[in-house]
Amino acid sequence: MVSAFTAAGILSICPQALTYATSRTPTIARYFGGLESKVLRRTWAERAAVPVVSKYSQALIELLASVKRAVRVLSSPSLSISTDVDTSTPNPSTCTIDNPRKCAKNWECSEGWVISNETWEIWTGTVELMDVDWITPARSSAHTLMDSGEGPPMLRESCTVMRGVDWDSGNEDGKDIYEQDKLEKEKRKLAAETEEKARSAEQERQNEIERAHRAAIEPDPASEDDPAESSDPNSEAKDLKPEVELDQTDDKAKRKKKKTFSSKLPLGTVLSIEPWKGIPAMARRVRWHLTDKEAIYRYGGDGGRFDLFHVETNEKETRVKKKHPVPETHEQCASRCGFGTKRMLSIILRLNKESLSTDQTACDGILEWPDFGAGVRVECIFYSDGAISITEREVLYGSKDSGWEPRFGQPSFVSGQTMVISPTRNSKTCDDSLPAYDELLGSNSFLVKHLRNKEDGGGPIRVTSEMRIRRATQNAGDSKPSCPFSSSQLPPICFDPYFHASSLTLSKDMKSVTCTNSEGRGVAFGNVGFTKGVHYWEVKLEKAEIGSVYIGVAEKPSGLDSQPKLNRWLGW
């Protein structure tokens with residue numbers, strides 16, 4: 001920071017020092033050459049605290065101002081300052097070793113992003129995800145339990161299980177042995193109880209006879225002498241002895257009655273985690289304790305069927321202490337994230353003109369998915385009938401391992417998807433000042449790898465999507481009619497008919513919006529979204545009150561869980 005302020009002061013007093021230092025020290029030349037990029041990156045890092053900036057940023061800005069002033073003052077400067085950053089991060093770019101004064105430009109800077117119509121052809125459109133032919137699975141309670149930290153544990157090796165709700169394997173677990181043993185013990189218990197009741201009744205009858213006998217042989221109290229004179233100290237104990245023995249007999253009978261053993265439950269132990277019909281970890285290999293049989297059973301396979309329950313028992317395996325809920329299946333997770341429902345996604349296809357093959361039949365491009373915040377590298381093949389094949393290869397930016405459930409039914413991106421689009425008609429715009437555009441239409445379908453339809457016996461699930469792309473019409477006097485590219489004119493951007501407030505109405509061409517209700521606030525989104533880069537568009541305001549209209553950018557609601565709230569102002 002001190003050095004930056006010192007260098008700025010020197011250049012302000014003596015601008016010629018810039019030529020002297022950069023011509024003799026390549027390190028200083030490289031530093032000053034990338035100074036503007038460093039200032040931009042530092043300002044981006046401190047954007048949350050704007051307008052407050054650190055002393056370090058102030059020193060860099062002061063140095064940059066002094067360097068630019070010195071470049072303007074010098075008639076023949078030996079320093080070339082260029083800005084080369086990633087506009088969304090921004091990230092630094094490396095400099096070439098052979099010429100340190102000229103920074104090597106990456107593919108973003110060499111421009112599909114800032115001046116897109118120079119080396120890139122831009123097409124816009126939509127991809128409509130169709131409804132999936134399946135019964136939407138019910139929401140799982142396990143997801144709520146996991147949010148609170150009480151979700152079910154993973155069913156691993158050595159865990160204890162018993163048959164579940166979708167069990168269809170007969171008595172491999174020994175349920176018939178358990179039921180038979182339980183029935184026999186119930187019979188023995190019932191016989192013991194009957195015998196005990198009979199014995200108790202007999203014992204009661206004997207006690208009654210004994211009490212009647214003692215009453216018959218006892219002398220008349222009126223004819224007896226004084227009890228104090230002829231009393232025997234042991235007589236009272238002798239009279240109470242039979243009753244004490246009777247009480248002890250009853251206690252022994254009660255203790256004997258409590259010693260009843262329960263039957264062992266039909267439990268099994270997990271030996272290993274196995275795949276089911278090619279899907280990993282959707283089954284378990286179990287050995288049952290009563291039958292000693294071993295087999296593989298579903299635990300989430302066939303679209304979310306569970307042949308097993310994860311349980312915890314006592315040491316004797318006669319009582320279940322806890323039964324864990326089944327985990328959330330892949331189908332339930334995908335449905336919760338928006339898979340299977342009809343959705344409209346905006347896309348931007350950027351074709352690199354410099355990558356066009358010599359025979360003009362293939363080129364590379366970038367397919368941007370603003371709803372997923374990602375860009376995918378694509379390979380395009382052009383056919384003589386006007387059809388275009390678009391194959392997705394890899395994710396260039398954005399997340400490739402999460403957030404793709406609405407499209408693929410799984411969190412990660414699936415490469416290799418091919419869409420063939422063909423021209424349908426030549427559309428004329430209502431405004432003669434704007435060029436016409438061609439519309440290309442195509443569809444694609446594929447089977448989801450890790451999802452199954454539970455109601456169809458575990459059959460595969462097919463996803464169908466339709467792509468609709470607009471491009472500017474080729475010039476009539478084009479000397480190369482076989483050229484796949486049209487003019488540099490971008491296709492028109494209009495408003496999204498599915499994302500605007502109820503107080504706003506759109507025109508037929510979706511290019512004009514009118515407020516029909518002066519009360520409240522509303523927002524209308526465009527049909528094309530952007531993930532990164534520098535973009536430019538023009539909007540014409542025909543009639544509006546000051547402070548009533550705001551134009552900017554905002555995150556588009558996904559609308560997965562509920563209807564998005566558009567009757568308010570959003571964005572920046």
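**Close-up views of a predicted model**

**View 1. Leu 541 and its surroundings.** Setting aside residues up to four places away in sequence, Leu 541 touches Val 549 and Ile 551 (contact means heavy atoms within 4.5 Å). Leu 541 sits in the segment after strand S19 (524–526); helices (H or I, at least four residues) and strands (E, at least two) are DSSP runs, numbered from the N terminus. With 51% relative accessibility, Leu 541 counts as exposed (buried means under 20% relative accessible area, exposed over 50%, partly exposed in between, with a 1.4 Å probe and protein chains only). Between Leu 541 and Ser 512 there are 9.7 Å in space, C-alpha to C-alpha, and 29 residues in sequence.

The model is predicted: local features need pLDDT of at least 70, side-chain atom pairs count only at pLDDT 80 or more, and totals for chains, interfaces and linings use all residues. Residues are numbered from 1 along each chain as its sequence is written, and side-chain values use heavy atoms, with hydrogens and water left out.

**View 2. The whole chain, for orientation.** The protein chain holds 13 helices and 19 strands. Of its 572 residues, 33% count as buried. Among contacts between residues at least 6 apart in sequence, 59% join residues at least 24 apart.

**View 3. The largest nonpolar core.** This core has 37 residues, and Phe 339, Trp 369 and Ile 390 have the most contacts inside it. A nonpolar core is a set of buried Ala, Val, Leu, Ile, Met, Phe, Trp, Tyr and Cys residues joined through side-chain atoms within 4.5 Å. At least two core residues come from each of strands S1 (120–129), S9 (343–352), S10 (362–369), S11 (374–382), S12 (388–397), S13 (418–427), S14 (437–453) and S15 (459–472). S11 gives the largest share, five residues. Apart from this core lies another, of 13 residues, including Phe 32, Val 39, Leu 64 and Val 67.

**View 4. The contacts of Phe 339.** Leaving aside neighbours within four places in sequence, Phe 339 is in contact with Val 132, Trp 134, Ala 334, Glu 405, Pro 406, Phe 408, Gly 409, Val 448, Leu 451, Ile 461 and Val 463.

**View 5. Helix H1 against helix H5.** The axes of H1 (residues 2–13) and H5 (residues 55–73) come within 8 Å and cross at roughly 25 degrees. Axes are lines fitted to C-alpha atoms, for helices over the stretch in contact, and angles run from 0 to 180 degrees between N-to-C directions. The angle makes H1 roughly parallel to H5 (under 35 degrees counts as roughly parallel, over 145 as roughly antiparallel, 65 to 115 as roughly perpendicular and the rest as oblique). The crossing of H1 and H5 is left-handed, a term for a near helix turned anticlockwise from the far one by less than a right angle. On the H1 side, Ala 4, Phe 5, Ala 7, Ala 8, Leu 11 and Ser 12 meet Lys 55, Gln 58, Ala 59, Glu 62, Leu 63, Ser 66, Val 67 and Arg 69 of H5. This contact has eight nonpolar, three polar and three charged residues; Ala, Val, Leu, Ile, Met, Phe, Trp, Tyr, Cys and Pro count as nonpolar, Asp, Glu, Lys and Arg as charged, and the others, Gly among them, as polar.

View 6. Cys 14 lies in the loop between H1 and helix H2 (17–24). Its relative accessible area is 33%, which makes Cys 14 partly exposed. Cys 14 and Ala 70 are 56 residues apart in sequence and 8.3 Å apart in space, C-alpha to C-alpha.

**View 7. Helix H4 and its cover.** In H4 (residues 35–45), Leu 35, Glu 36, Ser 37 and Val 39 are buried. Helix H3 (26–33) and H5 are among the elements that cover these residues. The axes of H4 and H5 come within 10 Å and cross at roughly 150 degrees. H4 and H5 are therefore roughly antiparallel. Leu 35, Glu 36, Val 39 and Arg 42 of H4 make the contact with Tyr 56, Ser 57, Leu 60, Ile 61, Leu 63, Leu 64, Val 67 and Lys 68 of H5.

**View 8. Two residues with positive phi.** Most residues other than glycine have a negative phi. Phi of Asp 302 is near 60 degrees, a positive value. Asp 302 lies in helix H11 (residues 301–304) and, at 8% relative accessibility, counts as buried. Glu 317 also has a positive phi, near 60 degrees. Glu 317 is in the loop between strand S7 (308–313) and strand S8 (320–323) and is partly exposed, with a relative accessible area of 21%.
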